[in-house]
Amino acid sequence: MIQGNVQDIAKLLPYVSPRLQTALKFIAETDFSKLPNGEIEIEGRTIYAGINTYDTEPKADRRPEKHNKYIDVQFVGKGEETIWYAPLRPTCVLTEDKFATNDVAFYEDPQELNCANLKAGDFCILFPWELHRPNCDLAATSAVQKIVVKVLAD
């Protein structure tokens, strides 16, 4: 997991793949306050973004998940949230497999010890070998606008 702020994206670009560079540049250059919820194709299905608004929830109400095909770049445009994360281990128990239809699977609580506390302008990059539990309350319920850029990981 990589965590940062939109102001620091230029510093990160030389150290990531060309696809992640494209995703991060999209975040840095886009005014999301003017865009409605929905999906935007950046480079077809190789790199695309979803814009969504929601209220965060308690950690216990969210399920840990992972993706096989895509890296997630999760950016908070408004509000604040916590994303809990942990490495996928052989002891992690799969509870629902939707890889074939939605590139997502859900897991039993892995008792994550690490989290990214994101406020407006912050992002994190989550890789296919990491479980993550997004949309969790930071200090209290928060109205969030989140942009998730999906980057094909092949």
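What share of the 154 residues in the protein chain is buried?

1. Burial. Buried residues make up 45% of the chain. Buried here means under 20% relative accessible area, with exposed over 50% and partly exposed in between (1.4 Å probe, protein chains only).

2. Basis. This is a predicted model: local features need pLDDT of at least 70, side-chain atom pairs count only at pLDDT 80 or more, and totals for chains, interfaces and linings use all residues. Residues are numbered from 1 along each chain as its sequence is written, and side-chain values use heavy atoms, leaving out hydrogens and water.

3. Fold content and size. The protein chain has three helices and twelve strands. These are DSSP runs numbered from the N terminus: helices are H or I of at least four residues, strands E of at least two. The radius of gyration is 15 Å, close to the 15 Å of the globule rule for 154 residues, so the protein chain is as compact as a globular protein of that length. That radius is taken over C-alpha atoms, and the rule is 2.2 Å times the number of residues to the power 0.38.

4. Contacts. Take contacts (heavy atoms within 4.5 Å) between residues at least 6 apart in sequence. Of these, 80% join residues at least 24 apart.

5. Strand pairing. Strands pair if DSSP finds at least two bridges between them. β2 (residues 38-43) and β3 (residues 47-55) are antiparallel over five bridges. Ile40 has Ala49 in β3 as its bridge partner. Three residues lie between the strands of this hairpin, where Gly44 takes a positive phi near 60°. β3 also runs antiparallel to β12 (residues 143-152), with nine bridges. There, Thr53 stands opposite Gln145 in β12.
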